[in-house]
Amino acid sequence: MVKLAILGCGNIGFFLAAKILHHYYPLSNKKENVVNENVELLLVGRQRLLDKLNESGEILLMTYNGTKIIIPRDHVNYVTDVKKIIEFQPDYVLVTLKVTQTVEVMRKIAELDGKVIIVSIQNGVRNFDLIRSIFLKSQIISGMIVQNITYSNPCNFTQTSDGSLFFQFTPSTHFITSILSNAGINNIITTDIRSVQYGKLILNLGNAFTAIGGSLKQILDSKTYRRIFAICQWEAIEVLDGSDINFVPFNYKLPIRLMPYVLYAPDWLSNFLITNVLGMKTDNARSSMLEDFSLGRKTEIEELQGEIVRLGEIIRKDRDEGGIIIDGVKLGRGDRSLTPYNHGILELVKLVEEWMEEHKKGWDVPFTADEVLAFIEYGIVPQALQF
């Protein structure tokens with residue numbers, strides 16, 4: 001028997017759970033609760049999603065290749081009390097928390113230190129260090145999921161992009177990846193997970209654009225939005241190169257360094273490449289940051305654009321000038337900033353966070369590309385934030 005817990009079960013957690021339950025908990029098996037003697041699964045997440053699960057009576061996952069997976073409610077062991085993990089005594093805890101929640105939540109199960117293997121499947125590049133600050137004795141496996149999973153009411157999930165889960169090579173990695181692989185989840189084990197994380201970070205810069213623009217489709221349909229996004233990626237590539245940080249492709253169909261050029265291309269070419277080469281289904285694609293906006297929650301912006309800005313600040317003083325020029329926009333502006341576009345997006349999202357905190361509610365007003373550009377280049381705050 002192997003016992004798995006998914007901590008922070010949202011879109012990614014439900015994707016993993018549906019695949020695992022579909023394989024290890026076959027409907028033909030009449031046992032209650034633990035339907036397969038080899039794997040037992042506990043999901044830990046928010047009350048809001050538990051309510052949705054109870055309302056729907058099932059988890060519905062539509063995979064990228066069109067397979068529909070339905071998991072009945074009575075096959076799902078979902079709790080909201082984090083400390084239930086301690087009672088469960090799992091062998092592995094798959095952490096799908098947002099970076100902003102990691103320290104607070106992991107402290108609640110700190111007594112499992114040395115008794116459990118932690119698998120971090122989170123955005124950003126600092127999660128390992130955050131978890132290690134609490135779990136000093138446990139083995140920690142860094143991972144990265146590249147698939148985009150979207151959510152719709154009541155408890156329906158759609159995989160809108162293909163890909164694999166990447167895991168850091170450790171003595172225990174093969175065991176957990178074999179469990180996931182048997183459940184139909186593609187895995188790649190690497191000795192350089194940090195490079196994968198930075199490669200995904202370049203893509204995840206788009207999370208903020210989906211949030212401020214309203215949807216990924218609206219962003220990709222706008223030439224101005226795509227070009228702002230492309231410049232953010234160019235800035236990121238420049239500071240990663242300047243910091244001697246490697247980044248590798250998570251999608252081998254297209255090198256990461258070509259991504260900004262895809263965004264910068266004319267509409268017809270950009271849309272063709274995004275749909276047919278990258279294989280992205282943009283119609284229903286949403287980011288977790290857009291959900292954070294709608295629910296009035298703090299976002300991961302400091303771990304995304306904020307990471308690029310931090311790296312730019314580290315190397316800024318050592319450079320008199322730099323960057324490349326795209327349509328008159330210099331990436332790297334002497335003694336000002338190497339990352340003005342990422343800095344602008346960072347500050348705009350933080351303004352929205354401040355507004356949500358002040359008004360105690362979510363944000364649902366998309367900004368136009370021109371408003372975003374005016375804020376980045378001239379500091380003009382969008383009108384919706386001026387009241």
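Start with helix α10, residues 223-242: its 20 residues reach 28 Å from the first C-alpha to the last, close to the 28 Å expected at 1.5 Å a residue. That expected span is 1.5 Å times one less than the number of residues. Helices here are DSSP runs of H or I with at least four residues, strands are runs of E with at least two, and both are numbered from the N terminus.

This is a predicted model, so to speak of a local feature I need a pLDDT of at least 70, and side-chain atom pairs count only at 80 or more, while totals for chains, interfaces and linings use all residues. Residues are numbered from 1 along each chain as its sequence is written, and side-chain values use heavy atoms, with hydrogens and water left out.

Back to α10. Because 15 of its 20 residues are buried, α10 is largely enclosed by the rest of the structure. Buried means under 20% relative accessible area, exposed over 50%, and partly exposed in between, with a 1.4 Å probe and protein chains only. After α10 comes Asp244, with a positive phi near 55 degrees.

Next, α6, residues 173-182. Its buried residues are Thr173, Ile176, Thr177, Ile179 and Leu180. Seen down the axis of α6, they fall within an arc of 155 degrees, so they line one face of the helix. The arc is taken from the directions from the helix axis to the C-beta atoms. An α-helix has 3.6 residues a turn, so residues three or four places apart point the same way. Cover for the buried residues of α6 includes β1, α1, β6 and β8, where contact means heavy atoms within 4.5 Å. Gly184 follows α6, and its phi is positive too, near 85 degrees.

Now the lysine. Is Lys360 buried or exposed? Lys360 counts as exposed, because its relative accessibility is 69%. Lys360 sits in the loop between α15 and α16. A polar atom of its side chain lies 3.3 Å from the backbone oxygen of Glu357.

Finally, the chain. It has 16 helices and 14 strands, and 56% of its 387 residues count as buried. The average pLDDT, the predictor's confidence in each residue from 0 to 100, is 88, and 87% of the residues score at least 70. Over residues 27-36 the pLDDT is below 50.

Definitions and conventions: Polar contact = N/O pair within 3.5 Å; in protein donor to acceptor, adjacent residues only side chain to side chain.
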